[in-house]
Amino acid sequence: MANDKRPTIHFSDEQAQLLEVATSFAQDKFPLNKARARVAAKEDFDAAVWKEMASLGWLGVAIPEEFGGSGLSLAEVVTIVEPLGRALAGTPLVSTTLVAQALLKAGTRAQQAEWLPKICEGAVGALALIEPHGDWNLGHLTAKAERPGDLLVLSGTKTFVTDAASADLAIVSVAMDGAPALVLLDRQLLGAAKVEREIVIDETRRSYRVNLDGVTVPSDNLLDPSRTPDTLKNLDEAACLLLAAEMCGGASGVLVTIVEYLKTRKQFDRLIGSYQALKHPTVDALMAIDGARSHLYYAAGIFGDAVENEIAVRMAKALACDALAFASDRAIQFHGGFGFTYDCDAQLFRRRGIWCEAQHGDAAWQRKRLASLIL
Amino acid sequence: MSLDQKELDEFRAEVRAWFEENKPADPGFLLPQSFMEVGSDEQFTFLRDWQRKVYEAGYLGLAWPREYGGGGKPQILQDIATREMVRQKVPFLTNTIGLNWAGPLILHMGTEEQKKAYIPGILNADDIWCQGFSEPDHGSDLGNAQLKAERDGNEFVLNGSKIWTSLGKHAKYMILLARSNPSANSKYEGLSFFLVPMKIPGVEVVPIRKLTGEYGFNQTFFTDARVPESCLMGRENGGWQVAMATLAFERGAVGGQAGGHAMMSKDVSQVLALARAAQRNGRPAIEDPLVRDRLVQFIMEEKSFALNSARANIKPLVVEWPGSIAMSGKLAATEYQRRLNQFALSLQGANAAYYVGDPNAYERGQWQRSYFNSFSGTIGGGTSEIQHNIIGERVLGLPKG
């Protein structure tokens with residue numbers, strides 16, 4: 001370790017502004033009872049709020065100005081995702097941002113020109129990278145594309161495709177000619193697939209299993225194959241960054257829930273927060289969040305740096321997974337009997353944490369990857 | 001005097017070369033890691049000579065005034081020299097209390113006579129200093145100090161005892177907080193601060209044997225020990241303010257220290273080296289997946305400290321729990337040291353059971369000793385449990401127990 005080299009966190013004025021705006025937006029639009037309403041709702045997401053997010057320009061933050069975006073970076077998106085995660089908001093922001101990143105990295109000029117402006121205006125993007133085997137290695141592909149002539153014929157199943165029933169476009173990973181390929185499906189092509197709702201642990205999400213058997217796609221919908229491996233790596237890292245932001249937000253949110261309860265609930269004539277058995281682990285949760293957030297904003301600030309990028313995002317995700325897992329697990333326990341009920345909000349945070357851990361690798365997975373990068 | 005980058009680079013190169021050349025060879029015995037661990041005469045003599053050598057080379061007290069033995073140069077030069085000492089992991093400078101706490105205090109508020117009398121000896125290590133703050137019955141409650149200082153004409157008579165006196169056996173002077181007015185309105189108003197000579201009748205230093213089996217700390221007993229009123233620092237019964245000023249130097253909250261490093265804490269790079277040297281199933285331990293997982297955790301945690309400091313300076317990122325990072329730093333760092341040392345033992349396999357003194361102990365048993373000594377961090381200066389209470393109450397607003 002280079003001890004004489006002090007790392008700095010790059011934090012832009014735009015990040016500061018967005019963080020402030022997004023924090024009050026989240027408080028305003030997503031009080032915790034909204035998360036309850038989200039659980040009960042039929043729709044994939046709240047279309048009215050999504051429209052507002054689009055009109056605030058948030059869907060195009062990391063899209064270049066030539067396509068109607070603001071030309072900033074994922075570092076700025078992080079400052080929106082974190083406060084939304086804190087409020088347990090269920091929106092397609094992360095998946096749509098990642099779809100845009102995939103198009104920027106490997107989309108053809110035509111694909112970029114058609115879809116990026118639509119995304120800036122509110123088109124919903126879905127990512128279909130995961131398969132029934134559940135392997136976090138995104139290169140482990142059994143879904144296939146075959147190319148008899150000018151058309152692609154798809155087969156296989158993708159899982160955990162969020163908002164697939166209402167998405168305007170999806171990016172699907174498949175194996176083609178022995179290598180990974182990314183295919184763009186528009187609303188109509190998605191409609192040709194068999195899309196089934198999944199029952200998932202985070203009930204604020206709408207997730208689908210997508211069976212691609214027999215779906216036929218024009219070869220124009222293929223993203224640039226030469227850039228696909230790099231793009232998959234980049235998507236994995238960008239997802240880790242945004243999920244880390246979502247989890248850091250969630251961990252702060254659940255910490256507030258714990259603290260409020262510890263300051264008001266009495267047992268044996270004493271506020272339970274005065275008991276060290278509850279106070280000390282709550283401080284441990286705070287310190288875990290502090291470390292995770294520092295790594296998060298460091299990773300955000302250097303995102304795009306060739307060498308440090310992957311190390312930084314995996315560290316941020318590993319620590320954010322642990323911070324939210326610990327804080328939300330303790331939140332259930334510290335609420336006692338109430339914590340065991342469906343009505344207690346602690347379980348919402350715990351469910352969100354497990355969902356985010358299952359996306360793109362949990363803490364142990366990240367550490368295994370880190371070991372091969374740094375040891 | 002302002003220096004340009006070229007001059008700074010040249011100075012750094014000069015310092016780097018000097019320490020590379022003059023870094024002491026292995027003395028043949030295990031050195032302590034901080035001034036709190038100096039337990040034998042051979043350790044003390046070695047470290048005192050080393051400090052003197054660094055001072056005489058011009059790399060200590062660089063920014064202190066020339067008239068008292070300092071270098072009279074800009075602080076940045078001392079900072080460069082100090083960083084180089086840390087980087088090259090040379091032995092620490094043993095007169096820590098003099099260099100970092102008592103010295104800056106005397107320069108800050110002492111009289112001309114005091115500056116002339118004390119500062120040169122602090123720098124050249126002729127005069128070792130110790131601290132008399134903690135008392136046996138009042139661990140961290142400094143304001144409750146009970147050692148009596150009764151005025152008798154132009155003298156004070158001292159009675160009572162102080163504990164955890166590092167370097168007490170070698171010290172010529174002590175900075176002492178004592179109760180000079182037991183009937184003051186508040187406990188803080190009845191305290192006075194003294195610069196006390198240690199080699200006077202009525203002062204007895206009794207070593208305390210540590211959990212490591214070594215010495216380093218002492219209890220110091222005062223029995224009718226008489227000191228002249230010229231030993232007062234600040235005004236009579238104004239000792240609390242002086243003690244607070246001292247603590248600000250001690251915590252590094254205020255600059256003005258002579259420079260040099262006071263402690264050689266372990267870091268994960270040393271544990272990585274150990275993991276490469278140690279064996280598991282006939283292979284380097286660093287190839288073991290569980291070892292790798294722990295190492296990655298330590299690396300992330302150590303990086304958190306630096307990143308937390310960086311984030312603490314970015315206002316929009318510390319809105320919700322201001323003070324959280326600053327207040328949890330001691331808890332985080334000392335518990336990290338304890339766990340890192342513990343892990344370093346497990347890496348040694350069967351050899352973890354050796355101890356200091358056995359010729360087969362890995363690196364002379366420094367990790368075993370360092371693990372035990374790490375408890376001075378998790379206990380001293382407010383235990384980790386007290387730190388949890390303080391953070392819970394002051395940062396999170398949780399009710400007191």
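# A tour of chains A and B

Select A:Leu88 to begin: this residue, just after helix α4 of chain A, takes a positive phi of about 55°. The model is predicted, so local features need pLDDT of at least 70 and side-chain atom pairs count only at pLDDT 80 or more, while totals for chains, interfaces and linings use all residues. Residues are numbered from 1 along each chain as its sequence is written, and chains are lettered from A and ligands numbered from 1 in the order in which they are written.

**Stop 1**

Helices here are DSSP runs of H or I with at least four residues, strands are runs of E with at least two, and both are numbered from the N terminus; the expected span of a helix is 1.5 Å times one less than its number of residues. This helix is mostly covered, with 13 of its 13 residues buried, where buried means that 20 or more other C-beta atoms lie within 10 Å of the residue's own, exposed means 12 or fewer, and partly exposed is in between, with C-beta atoms placed from the backbone.

**Stop 1: the domains of chain A**

Colour chain A by its domains, which are domain 1 (13-123), domain 2 (126-224) and domain 3 (229-374); such bounds come from an automatic or database domain assignment. The C-alpha centres of domain 1 and domain 2 of chain A lie 22 Å apart, and 19 residues of domain 1 of chain A are in contact with 17 residues of domain 2 of chain A, contact meaning that the C-beta atoms, placed from the backbone, lie within 7 Å. On the domain 1 side, the elements of chain A giving two or more residues are α2 (32-40), α5 (93-106) and α6 (109-121), and the largest share, five residues, comes from α5(A). By class, that side has 11 nonpolar, five polar and three charged residues; Ala, Val, Leu, Ile, Met, Phe, Trp, Tyr, Cys and Pro count as nonpolar, Asp, Glu, Lys and Arg as charged, and the others, Gly among them, as polar.

**Stop 2: where chain B touches chain A**

Now show both chains, in which 40 residues of chain B are in contact with 40 residues of chain A. On the chain B side, at least two residues each are supplied by α3 (75-87), α7 (268-277), α8 (289-312), α9 (324-347) and α12 (384-394), and α8(B) gives the largest share, 14 residues. The residues of this side divide into 20 nonpolar, 11 polar and nine charged.

**Stop 3: a bent helix in chain B**

Select α4 of chain B, residues 96-109: at 1.5 Å a residue its 14 residues should span 20 Å, and its end C-alpha atoms are 19 Å apart, which agrees. At B:Ala102 α4(B) bends by about 40°, and a proline, B:Pro104, follows within four residues; the bend is the angle between axes fitted to the seven residues ending at a residue and the seven starting there. Because 11 of the 14 residues of α4(B) are buried, the helix is largely enclosed by the rest of the structure. Among the buried residues are B:Trp101, B:Ala102 and B:Pro104, and the buried residues of α4(B) pack against α5 (112-123), β1 (129-132), β4 (173-179) and α6 (239-250) of chain B.

**Stop 4: strands of chain B**

Move to β3 (residues 155-163) and β7 (residues 217-228) of chain B, which pair in the antiparallel sense over eight bridges, pairing being assigned if DSSP finds at least two bridges between two strands. B:Ile163 stands opposite B:Gln219 in β7(B). Strand β6 (residues 203-208) of chain B also pairs with β7(B) in the antiparallel sense, over six bridges, and there the bridge partner of B:Val205 is B:Thr220.

**Stop 5**

B:Leu340 lies in helix α9 of chain B and counts as buried because it has 23 C-beta neighbours inside 10 Å. Not counting residues up to four places away in sequence, B:Leu340 touches B:Lys266, B:Val268, B:Val271 and B:Phe298.

**Stop 6: a loop in chain B**

Finish at B:Glu363, found in the loop between α9 and α10 (366-373) of chain B, which has a positive phi of about 45° although it is not a glycine. B:Arg364, in the loop between α9 and α10 of chain B, has a positive phi of about 60° and is not a glycine. With 16 C-beta neighbours inside 10 Å B:Glu363 counts as partly exposed, and with 19 B:Arg364 counts as partly exposed.

Key: Contact = placed C-beta atoms within 7 Å.
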